[in-house]
2 protein chains.
Amino acid sequence: MSGAAQARAFSPGSVGNVGVGFDLLGHTIAGIGDIATVRRIDAPTVRIAAIRGCVRDLPREPERNTAGAALVALRQALALPFGFELELDKGIPLGSGMGGSAASCVAALVAANALLDTPLDVAALYPLALAGESVASGGRTGDNVGPMLAGGLVLATARGLLPIAVPAAWHAAVVHPHAVLETLQARRVLQGAYALPEFVAQSANLAQVLLGCERGDAALVRAGLDDVLVEPRRAPLIPGFAAVKQAALAAGALGASISGAGPSVFAWCEDAATAAAAGTAMQAAFRSAGLGSDLHLTPIAGPAARRLD
Amino acid sequence: MSGAAQARAFSPGSVGNVGVGFDLLGHTIAGIGDIATVRRIDAPTVRIAAIRGCVRDLPREPERNTAGAALVALRQALALPFGFELELDKGIPLGSGMGGSAASCVAALVAANALLDTPLDVAALYPLALAGESVASGGRTGDNVGPMLAGGLVLATARGLLPIAVPAAWHAAVVHPHAVLETLQARRVLQGAYALPEFVAQSANLAQVLLGCERGDAALVRAGLDDVLVEPRRAPLIPGFAAVKQAALAAGALGASISGAGPSVFAWCEDAATAAAAGTAMQAAFRSAGLGSDLHLTPIAGPAARRLD
């Protein structure tokens, strides 16, 4: 074993879906995230000792908490003879659409992994993170935990993680309005039937975004970064959304849409200065809709989760 | 003007859809195609003087023929004071799923374009080809005409053509069983509602195929080249399909699915020898289902349509 009896890890937040990659595509958000402190304990169990920070009323039963469930999955997968005690310091607001439940899950896994005799690699941690995340989302979707584990922009499929190259200069503005949108409510509006042409249009957009990122072709991203499938169904849940999006585009953004299940809205831009201008304009538009907000600026190729010790 | 009063052009066939890119992705098939001979005429009209070759009972009214309709669209777009007389030599069997109607359309456009005082570029020809192709398919889908115009593997959106890089060594086997499947019948089975998770799975597959091609990563293409959306609905229309696909995979193909609306079946392979072996195995499987067939081997980065004079 590593000798350490305790490890701390930080996971950044993330923009899930990125509009055109529903349940598949995501990137991390620098500067905001959750911290997990994990201790090895003799008892063959997982227990949550504390939840601090900006969210406190989360379930303490390990199986009902994304971080706890991930450590339960880790213990089971490796048939570990020991257990874990977990403390969470939440930095991502609940129901913000910035991957808060995923960040706790990944931070806990990265910390616990450092306490293993033979730590796992990212590919092996991914299915455990999916197991943890499913407690919150109701499904095994990797568009938040995947980027947190691998860093940057990631296509997260059922099979594994596929990092997508993105120019280092490209930045995102992520604006979090002070309103809570429950993931389950945001999922409910997506129920029902879809028509094949909707999917063809969205596929074309996703393809252009992915190829535009890999090639560093901003015009291709601008052409493709337009969610015609999910955004029309979820936008009515976010006060002022149309004006916020329009403000981002008017400020020069390549595109803008809903971060994760919302209500946060992201805008992709070719450089940090444009992202800052877009973010300020988006905050003003939310203010006109009666909502205060926080602004996060991040490279799209944002950081991965990391050990803090 | 160019001085010539007549021009001939050849357009290759194509594999539309490529399984995971329904109505969007296609590549040309070397060695099989249609030839158009176009003459400038004083009369301000389009007329079809002859249809020869392996298909003869096509509509002669220009507006009901993909090649004629494309030339009508060309005349209208440029307000040309002269007309065109067209002869078609069909090399692609009707209802084969190898883009026969699109090839006539593109060959006619490329030939007529050579007769213009100021020929158009591929981007300008594309909407005219879409107009012609819509006569046959009922919609403006570019996954056949797009690759024919630009060559190779192309993502053809409503906006334009996006050529996708593919390693030169990669080849496809395209096996055409001697059975006719009407495009409209093949479209009918796609009607009805789709569920969001089907789209998510198919999007992940399309993304892996596109990124695998661009990166020359065969493992990524192998993981993604699996049509979970359209193939399950159309496969029952093609006798022996499951055995034909399995034969291709057993011979080492990266993946196999239905070419266009079928009944032709394609298999993608890492080299020409594997494609030849896959093609032979696929033909044997069709034979076991009581169907003779033709085999076409082509680089995936196949040729574009070209002038013959």
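Biologist: What makes Cys105(B) count as buried?

Modeller: In this predicted model, Cys105(B) has a relative accessible area of 0%. The cut-off for buried is under 20%, so Cys105(B) is called buried.

Biologist: And why is Cys54(B) called partly exposed?

Modeller: Cys54(B) has a relative accessibility of 44%. The class called exposed begins over 50% and buried means under 20%, so Cys54(B) falls in between and counts as partly exposed.

Biologist: How do you know that Cys54(B) is too far from another cysteine for a bond?

Modeller: The closest cysteine sulfur to that of Cys54(B) belongs to Cys105(B), 17 Å away. Cys105(B), for its part, is in no disulfide. Over all chains, the count by this rule is zero.

Biologist: Let's turn to the backbone. What makes Val18(B) stand out in its phi angle?

Modeller: Phi of Val18(B) is near 50 degrees, a positive value in a residue other than glycine. Val18(B) sits in the loop between strand S1 (6-16) and strand S2 (25-41) of chain B.

Biologist: Where is Asp23(B) found, and what makes it count as buried?

Modeller: Asp23(B) is in the loop between S1 and S2 of chain B. Phi there is positive too, near 65 degrees. The relative accessibility of Asp23(B) is 12%; buried means under 20%, so Asp23(B) is counted as buried.

Biologist: Which peptide bond to Pro263(A) is cis?

Modeller: The one from Gly262(A), with omega near 5 degrees. Pro263(A) lies in the loop between strand S8 (255-258) and strand S9 (265-269) of chain A. In chain B, the bond from Gly262(B) to Pro263(B) is likewise cis, with omega near 5 degrees.

Biologist: How do you know that the radius of gyration of chain A agrees with that of a compact globule?

Modeller: For 309 residues, a compact globule would have a radius near 19 Å, and chain A has 19 Å, so the two agree. The C-alpha trace of chain A spans about 55 × 40 × 40 Å along its principal axes, and 59% of the residues of chain A count as buried. The chain holds 10 helices and 11 strands.

Biologist: Which residues does UniProt list for "binding site"?

Modeller: The unreviewed entry lists several in chain A, including Ser101(A) and Ala103(A). Ser101(A) belongs to helix H2 (residues 100-113), and Ala103(A) is found in helix H2 as well.

Biologist: What makes Ser101(A) partly exposed, and is Ala103(A) buried or exposed?

Modeller: Ser101(A) has 28% relative accessibility, between the 20% and 50% cut-offs, so the label is partly exposed. Ala103(A) has 0%, under the 20% limit, so Ala103(A) is buried. Leaving aside neighbours within four places in sequence, Ser101(A) is in contact with Thr66(A), Lys90(A), Glu133(A) and Ala136(A). On the same terms, the contacts of Ala103(A) include Ser11(A) and Asp34(A).

Notes
Residues numbered from 1 in each chain as written. Chains lettered and ligands numbered in written order. Predicted model: local features only at pLDDT ≥ 70, side-chain atom pairs only at ≥ 80, totals over all residues. Heavy atoms only, no water. Disulfide = S-S within 2.5 Å. Buried < 20%, exposed > 50% of the residue type's maximum accessible area, 1.4 Å probe, protein only. Helix = DSSP H or I, 4+ residues; strand = E, 2+ residues; numbered from the N terminus. Rg over C-alpha atoms; globule rule 2.2 N^0.38 Å. UniProt positions renumbered as here; feature names shortened; annotations may be inferred. Contact = heavy atoms within 4.5 Å.
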